[in-house]
Amino acid sequence: MAIAKAERLMNLALCLLGTRRPLSKRELRESVEAYLEAGSDDSFNRMFERDKDDLRELGLVIETVESLDGEIGYLARRDSNRLPAITLDAEEAAALGLAAKVWQQARLAGAASGALQKLRAAGLPEDVDPYEAHGALEPRIPVHEAAFEPLMLACRDRRPVVFDYRKANAAQPEPRLVEPWALECWRGHWYLAGFDRDRGAERVFRLSRITGKVRSRGARFTAPVPDVVTVRETVASWAGETADRSALIRLRTGAGYPLRAKATGVRELGDGWDELEVPYGHGLDAWLVEFGPDVVVLEPAELRADVVDRLRAVAKG
């Protein structure tokens with residue numbers, strides 16, 4: 001049914017875009033095969049009005065024109081439905097190209113590669129490498145959990161889901177009925193933030209602890225969806241991101257703006273480097289590794305050792 005409707009909408013759109021004069025309902029009915037199969041005029045009229053509204057909701061500009069003899073016609077002028085040419089400067093193209101590279105290890109790798117090819121056609125130079133300047137780490141988001149794709153679709157479509165979840169300190173998984181809000185990658189692990197209906201409260205779930213299949217439910221959300229920034233803060237809190245002391249790092253000038261935003265103190269060292277005092281809590285070593293050679297840990301020694309160990313592991317592959 002969905003395929004038949006999509007084909008009908010496409011045929012109607014092509015008719016409206018391909019004509020140089022307004023077409024009446026009668027002419028459109030004769031041009032679209034699915035309309036010829038309508039059982040009656042009333043059935044066709046209802047179908048046509050729904051299709052016309054759907055096309056307009058999708059963004060197609062359809063004009064309604066009345067002729068001299070009072071007949072109503074419809075057309076979609078190409079100049080009104082043509083998107084402007086996409087122009088990207090080197091920095092914009094590099095940023096979008098980098099975003100596509102992030103998904104190379106995920107199930108979206110095919111779509112990301114296709115998008116990257118379109119970006120190159122729109123002006124992304126073949127030799128643009130956003131990381132070439134400082135040789136930083138290749139950005140990738142690993143997605144090995146089978147729950148990622150169904151949860152991503154459920155977040156997009158605002159559909160509740162059911163899955164079995166095993167807590168870190170539990171021997172057996174428990175069923176959860178969740179209204180999914182957003183997926184967040186935090187320190188190399190994926191988390192789902194949402195509303196747990198059984199507990200009547202906001203919860204965060206680590207995808208690696210979801211067992212079995214994720215099953216969707218047709219019911220609507222019962223709780224309001226918070227702003228995405230609030231979701232990120234929630235994930236950070238539930239993932240154990242609590243700072244109880246400070247760390248001293250050197251940061252390359254002009255780099256690491258997220259670190260600068262978190263810093264409690266900044267001092268210019270000269271020669272292209274700054275010294276930052278940042279909150280030190282669980283997961284800071286994994287975060288610092290993301291900035292590659294732009295960051296050097298000065299103290300404490302245990303944090304420096306953890307970062308060095310992580311970089312060596314990355315270098316070994």
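# Pairs, rings and strands

Visitor: Which side chain meets that of D157 in a salt bridge?
Guide: Look for a salt bridge, meaning a side-chain nitrogen of Lys or Arg within 4 Å of a carboxyl oxygen of Asp or Glu. For D157 the N to O distance is 3.3 Å, and the partner is R159.

Visitor: What kind of model is this?
Guide: Residues are numbered from 1 along each chain as its sequence is written, and side-chain values use heavy atoms, with hydrogens and water left out. Local features need pLDDT of at least 70, side-chain atom pairs count only at pLDDT 80 or more, and totals for chains, interfaces and linings use all residues, for this is a predicted model.

Visitor: How is R159 classed: buried, exposed or partly exposed?
Guide: Buried means under 20% relative accessible area, exposed means over 50%, and partly exposed is in between (1.4 Å probe, protein chains only). D157 has 33% and is partly exposed. R159 has a relative accessible area of 25%, so this residue too is partly exposed.

Visitor: How many salt bridges does the structure hold?
Guide: Side chains of opposite charge can pair when their charged atoms come close. Searching the structure for such bridges gives a total of 19.

Visitor: How many residues apart are D196 and R176?
Guide: These two form a salt bridge, with their closest N and O atoms 3.2 Å apart. D196 is in strand 6 (residues 189-196) and R176 in strand 5 (residues 174-186), so the pair links distant parts of the chain. Helices (H or I, at least four residues) and strands (E, at least two) are DSSP runs, numbered from the N terminus.

Visitor: In which helix is R260, the residue paired with D274?
Guide: The side chains of D274 and R260 meet in a salt bridge, 3.0 Å from N to O. D274 lies in strand 11 (residues 273-281), so the pair ties together parts 14 residues apart in sequence, and R260 lies in helix 9 (residues 257-262).

Visitor: Is D274 buried or exposed?
Guide: Its relative accessible area is 7%. With that value, D274 is buried.

Visitor: At what angle do the ring planes of Y165 and F205 stand?
Guide: Rings of Phe, Tyr and Trp (its six-membered ring) pair if their centres lie within 6.5 Å; planes under 30 degrees apart count as stacked, over 60 as edge-to-face and the rest as tilted. The whole structure has 8 aromatic pairs, among them F163 and Y165, edge-to-face at 6.4 Å between centres and 70 degrees between planes. Y165 and F205 have ring centres 5.0 Å apart and are also edge-to-face, because their planes stand at 85 degrees.

Visitor: In which strand is F205?
Guide: Y165 lies in strand 4 (residues 161-165), so its pairing with F205 ties together parts 40 residues apart in sequence. Both residues are buried. F205 itself is in strand 7 (residues 201-206).

Visitor: Which residue lies over the face of W273?
Guide: A charge sits over a ring if NZ of Lys or CZ of Arg is within 6 Å of the ring centre and within 35 degrees of the ring normal. At 4.7 Å from the ring centre of W273 you will find R250.

Visitor: In which helix is L151 found?
Guide: L151 is buried, with a relative accessible area of 0%. Leaving aside neighbours within four places in sequence, L151 is in contact (heavy atoms within 4.5 Å) with residues including V161, F163 and L183. L151 is found in helix 7 (residues 148-157).

Visitor: How many bridges join strand 2 to strand 3?
Guide: E63 stands opposite L75 in strand 3. Strand 2 (residues 63-66) and strand 3 (residues 72-75) run antiparallel, and the number of bridges joining them is 4.

Notes. Pairing = 2+ DSSP bridges.
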